[in-house]
Amino acid sequence: QVQLVESGGGLVQAGGSLRLSCAASGRTFSSLAMGWFRRAPGKEREFVAAISRSGGKTSYADYVKGRFTISRDNAKNKVHLQMNSLAPEDTAVYYCVTNSRSAWQTTATMGEEYDYWGQGTQVTVSS
């Protein structure tokens, strides 16, 4: 069993930045591929970013590419999502996810590929 706890959400003005963090426990962190998804009110969940077990491969949704950066700290069992140039359309609950069966240099962009999800953290961007 893997536990994921997100932090760092909040209210920010358009153009601002936030850094989300996710602490993982219950499994050796380097065995876990990590990612972030989000769900805005009235919308389906959507992929945001992913990072491989090694940290050497990342993937981003087109709508966050160039603004968001995913990173991981295997020594601290954490994954981070740095979000810059935030816009009101980024308002959503952000979920940390993990794929416990991933290969070393693989990222996943489909929700079905992730077997553990955090509780989520709210990000609100005001115009």
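**Salt bridges**

I searched the whole structure, a predicted model, for salt bridges and found six. I counted a salt bridge when a side-chain nitrogen of Lys or Arg lies within 4 Å of a carboxyl oxygen of Asp or Glu. Side chains of opposite charge can pair when their charged atoms come close.

I looked up E112 and found it bridged to R45, with 3.6 Å between the closest N and O atoms. E112 sits in the loop between β9 and β10 and R45 in the loop between β4 and β5 (46-51), so this pair ties together parts 67 residues apart in sequence. I took strands as DSSP runs of E of at least two residues and helices as runs of H or I of at least four, numbered from the N terminus. E112 is exposed at 61% relative accessible area, and R45 is partly exposed at 34%. My classes: buried is under 20% relative accessible area, exposed is over 50%, and partly exposed is in between (1.4 Å probe, protein chains only).

Next I checked R67. R67 bridges D90, the closest N and O atoms being 2.7 Å apart. R67 is in the loop between β6 (58-60) and β7 (68-73), and D90 is in the loop between β8 (78-83) and β9, so the bridge ties together parts 23 residues apart in sequence. Both R67 and D90 are buried.

I then went to R101, which forms a salt bridge with D115 at 2.8 Å between the closest N and O atoms. R101 and D115 both lie in the loop between β9 and β10, so the pair ties together parts that are 14 residues apart in sequence. R101 is exposed at 59%; D115 is partly exposed at 26%.

**Ground rules**

I number residues from 1 along each chain as its sequence is written, and side-chain values use heavy atoms, with hydrogens and water left out. For this predicted model, local features need pLDDT of at least 70 and side-chain atom pairs count only at pLDDT 80 or more, while totals for chains, interfaces and linings use all residues.

**Aromatic rings**

I paired rings of Phe, Tyr and Trp (its six-membered ring) if their centres lie within 6.5 Å; planes under 30 degrees apart are stacked, over 60 edge-to-face, the rest tilted. By this rule I count four aromatic pairs. F37 and Y114 have ring centres 5.6 Å apart and planes at 75°, so I log the pair as edge-to-face. F37 is in strand β4 (residues 33-39) and Y114 in the loop between β9 (92-99) and β10 (116-117), so the pair ties together parts 77 residues apart in sequence. Both residues, F37 and Y114, are buried.

F37 also pairs with W117, tilted, at 5.2 Å centre to centre and 50° between the planes. This pair links strand β4 to strand β10, 80 residues apart. W117 is partly exposed at 29% relative accessible area, and F37 is buried at 2%. Ring pairs link F37, F47, Y95, Y114 and W117 into a cluster.

**S59**

I ended with S59, which lies in strand β6. S59 is buried at 16% relative accessible area. Leaving aside neighbours within four places in sequence, I find S59 in contact (heavy atoms within 4.5 Å) with residues including F47, V48 and T107.
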